[in-house]
Amino acid sequence: MEPSDASRLQPGDNVLFIDRKEREYLRRLKPGGRVHIRGGTMEADHLIGLAEGCIAYNTARERFLVLRPSFAQLIPNLPRRAQVIYPKDIGPILLWGDIYPGATVIEVGTGPGALSMALLRAVGHTGHVISYEARAEFAEMAQANVRQFLGETPNWTVKVADALAGFAERGVDRMTIDIAEPWQLLPAAAHSLRPGGVLLGYVPTALQVKSFVDSLRTHGEFAAVQSFETLVRFWHVKGLSIRPEHRMIGHTGFIVVARRVLAAEKAVENALTP
Ligand SMILES: C[S@@+](CC[C@H](N)C(=O)[O-])C[C@H]1O[C@@H](n2cnc3c(N)ncnc32)[C@H](O)[C@@H]1O
C-alpha cells in the first residue's frame, strides 16, 4: 500500500528519531536545516516528504526509525523547566476528570503545558480551556509548546494570574488543579464550577491527599470524593525473555476527584419543590 499524504513528513514537523537501543530524540524538520543526533547529522530536506515509519541513517552511520511522536511519546520529550504530568496519569485524569468534547475546563497550574495539550485535544474545537498560571515564564513556555505541537488553538485562554485570587468564569464544567495546596482553591472552585461539575486535583504526597480530601468533605458543596494512584509497568518482550522491565516509574502523584453539588439546605429545598 502506498503511504497516504497524512504519513508524509512536512516542513516544520516535530519528528521522533528512535535508535537501535530504542532511545528517542525529538527534533524539528526545518527546511534547509540539519538534524543533529549522536555525533552525526541528516539533511532535513532529505527527510521532508518521506513517509513516517521509514529508516534514516546519519553521517555517523547510525540508524534511526523515523516517526511523528504519539502524544504519550511527546510528553517526556517536551521542552520544560517544571515537572509535567506523566502520560500514565494524563490518561486517567482525562477519564476520571470526565473531560469531554465541548466542555469548558479550567486548568490551574499550567507549567510547561503537558496537561493543557491533553485537555485541548479532549475538549475539541467546540470546547474551551482556560489555564491559570501564576508565573509569566511558564505561561510563555506552555504557549510556545502548544503552538509548536498543536498549532493555533483559539479555544485556549491563558491567564497569568494567581488562582488564589479567584476565577472570573462561572458555570464551568470541569476543573483540574496541579498546585501544591489545592484545598485553598475550594471556595473559588465552588463558585466557578456548575452543580454536577467535576473537580480533579493532582498532588504528590499522602499528606496533601489528606488535607485535600478533608477539605472537600467539610466544604459542603463537594461530594463523591475518590482518591487513587496509577502504576504502569512496561514489559520486556524479546525472544524467550518475557518479563516486567527492571525499572518503572514508581511514584508520580495521587489523583483526587470530587463532584460539585448543591449545599445541603439547597439540595433539600429543591428536591421538595414540585
Ligand atoms: C507542576 S507545574 C504544572 C505542570 C502541568 N500540569 C503539566 O502537566 O505540564 C505547577 C504550576 O503551577 C503554577 N502555580 C503554582 N501556584 C499557582 C497559583 N496559585 N495560581 C496559578 N498557578 C500556580 C506554578 O507556577 C507551576 O507552573
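Author: A polar contact is a pair of N or O atoms within 3.5 Å; within protein, one atom must be able to donate a hydrogen and the other to accept it. The structure discussed here is a predicted model.

Reader: How many residue pairs are in polar contact between domain 1 and domain 2?

Author: The domain assignment places domain 1 at residues 5-69 and domain 2 at residues 73-272. No salt bridges are counted between domain 1 and domain 2. The polar contacts between these domains, with both residues at pLDDT 80 or more, come to two residue pairs.

Reader: What area is buried between domain 1 and domain 2?

Author: The centres of the two domains, taken over C-alpha atoms, are separated by 33 Å. Eight residues from domain 1 and five residues from domain 2 take part in the contact. Carbon and sulfur atoms give 52% of the buried area, which is about 600 Å².

Reader: Which residues of domain 1 lose the most area to domain 2?

Author: On the side of domain 1 that touches domain 2, strands β1 (14-18) and β2 (24-28) each supply at least two residues. By class, that side has four nonpolar, one polar and three charged residues. Together, three residues account for 58% of what the domain 1 side buries, and they are Asn-14, Leu-26 and Pro-69.

Reader: How many salt bridges does a search of the whole structure find?

Author: The criterion is a side-chain nitrogen of Lys or Arg within 4 Å of a carboxyl oxygen of Asp or Glu. Between domain 1 and domain 2 the count is zero. For the whole structure, the search finds twelve.

Reader: How many residues apart in sequence are the parts that Asp-173 and Arg-194 tie together?

Author: The side chains of Asp-173 and Arg-194 form a salt bridge with an N to O distance of 2.7 Å. Asp-173 belongs to strand β10 (residues 172-177) and Arg-194 to strand β11 (residues 193-203), so the parts tied together by this pair are apart in sequence by 21 residues.

Reader: Is Asp-173 buried or exposed, and on what relative accessible area?

Author: Buried means under 20% relative accessible area. Asp-173 is buried, because its relative accessible area is 10%.

Reader: Where does Glu-221, the partner of Arg-260, lie?

Author: Arg-260 and Glu-221 form a salt bridge, their closest N and O atoms being 3.2 Å apart. Arg-260 is buried at 10% relative accessible area, whereas Glu-221 is partly exposed at 24%. The pair links distant parts of the chain, 39 residues apart, with Arg-260 in strand β15 (residues 254-260) and Glu-221 in the loop between α7 (206-219) and β12 (222-228).

Reader: Which residue takes a positive phi just after α4?

Author: Helix α4 (residues 114-123) is mostly covered, with nine of its ten residues buried. Among these buried residues are Leu-115, Met-117, Leu-119 and Val-123. The residue just after α4, with a positive phi of about 70 degrees, is Gly-124.

Conventions
Residues are numbered from 1 along each chain as its sequence is written. Side-chain values use heavy atoms; hydrogens and water are left out. Domain bounds come from an automatic or database domain assignment. Contact means heavy atoms within 4.5 Å. Buried area is the accessible area (1.4 Å probe) that two parts lose on being put together, summed over both. A polar contact is a pair of N or O atoms within 3.5 Å; within protein, one must be able to donate a hydrogen and the other to accept it, and residues adjacent in sequence count only if both atoms are side-chain atoms. Helices (H or I, at least four residues) and strands (E, at least two) are DSSP runs, numbered from the N terminus. Ala, Val, Leu, Ile, Met, Phe, Trp, Tyr, Cys and Pro count as nonpolar, Asp, Glu, Lys and Arg as charged, and the others, Gly among them, as polar. Buried means under 20% relative accessible area, exposed over 50%, partly exposed in between (1.4 Å probe, protein chains only).
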